[in-house]
Amino acid sequence: MAVSGYDREVDSERIDRVDAVLRHMRERGGRITTALRAVVEVLDATDEHLTAQDIAGAVQAAHPAIHGSTIYRALDRLSDAGMVSHLHVGHAPVVYHLGHDHHGHLVCGRCGAVVDVPATVMRPV
């Protein structure tokens, strides 16, 4: 899957979001590597829920020297810090997205598409 919207030329709002995530990681004592920044930029560039393979493809397209295992470690670090959420959808690969807000997920039983819904919608359920 090609990640739409991943372009290293970014607007100031996206830069602010990316910087906020990286600042949080730095405050936790983490090192900010090129791989970590690239993973955050890929996730921030889309509203889609991406597999690790999607993320790795987008990162490696911009940074061919970054190894896939480094990308997986960056995803683990971001997940552990609460900056990235992952979702298990049936037997499909795990999908990731920036966890900057509280929301639920609706999953299509036919195609597996994942849609974010505000937490307020899910409270009555």
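Partly exposed describes a residue whose relative accessible area falls between the buried limit of under 20% and the exposed limit of over 50%. Keep that in mind for these exercises, which use a predicted model.

**Exercise 1. Find out which helices the salt bridge between Arg37 and Asp19 ties together, and classify both residues.**

Step 1. The side chains of Arg37 and Asp19 meet in a salt bridge, with 3.9 Å from N to O.

Step 2. Now place the partners: Arg37 belongs to helix α2 and Asp19 to helix α1, so the bridge links parts 18 residues apart in sequence.

Step 3. Arg37 has a relative accessible area of 31%, so it is partly exposed. Asp19, with 30%, is partly exposed as well.

**Exercise 2. Work out how the salt bridge between Arg17 and Asp44 is placed.**

Step 1. The closest N and O atoms of this pair are 2.6 Å apart.

Step 2. Arg17 sits in helix α1 and Asp44 in helix α2, so this bridge joins parts that lie 27 residues apart in sequence.

Step 3. Check the cover of each partner. Arg17 is partly exposed because its relative accessible area is 30%, while Asp44 is buried because its value is 8%.

Step 4. By the salt-bridge rule, the count comes to two.

**Exercise 3. Decide whether Val42 is buried or exposed, and locate it.**

Step 1. Val42 is found in helix α2.

Step 2. Its relative accessibility is 0%, so Val42 counts as buried.

Step 3. For a spatial reference, take Ala58: the C-alpha atoms of Val42 and Ala58 are 6.8 Å apart, although 16 residues separate the two in sequence.

**Exercise 4. Describe the largest nonpolar core and say which element gives the most to it.**

Step 1. This core has 27 residues, and those touching the most other members are Val39, Leu43, Ile55, Val59 and Leu78.

Step 2. At least two core residues come from each of α1 (12–27), α2 (34–44), α3 (52–62), α4 (68–80) and β3 (95–98). The element giving the most is α2, with seven residues.

Conventions:
Residues numbered from 1 in each chain as written. Predicted model: local features only at pLDDT ≥ 70, side-chain atom pairs only at ≥ 80, totals over all residues. Heavy atoms only, no water. Core = buried A, V, L, I, M, F, W, Y, C linked by side-chain atoms within 4.5 Å. Buried < 20%, exposed > 50% of the residue type's maximum accessible area, 1.4 Å probe, protein only. Helix = DSSP H or I, 4+ residues; strand = E, 2+ residues; numbered from the N terminus. Salt bridge = Lys/Arg side-chain N within 4 Å of Asp/Glu carboxyl O.
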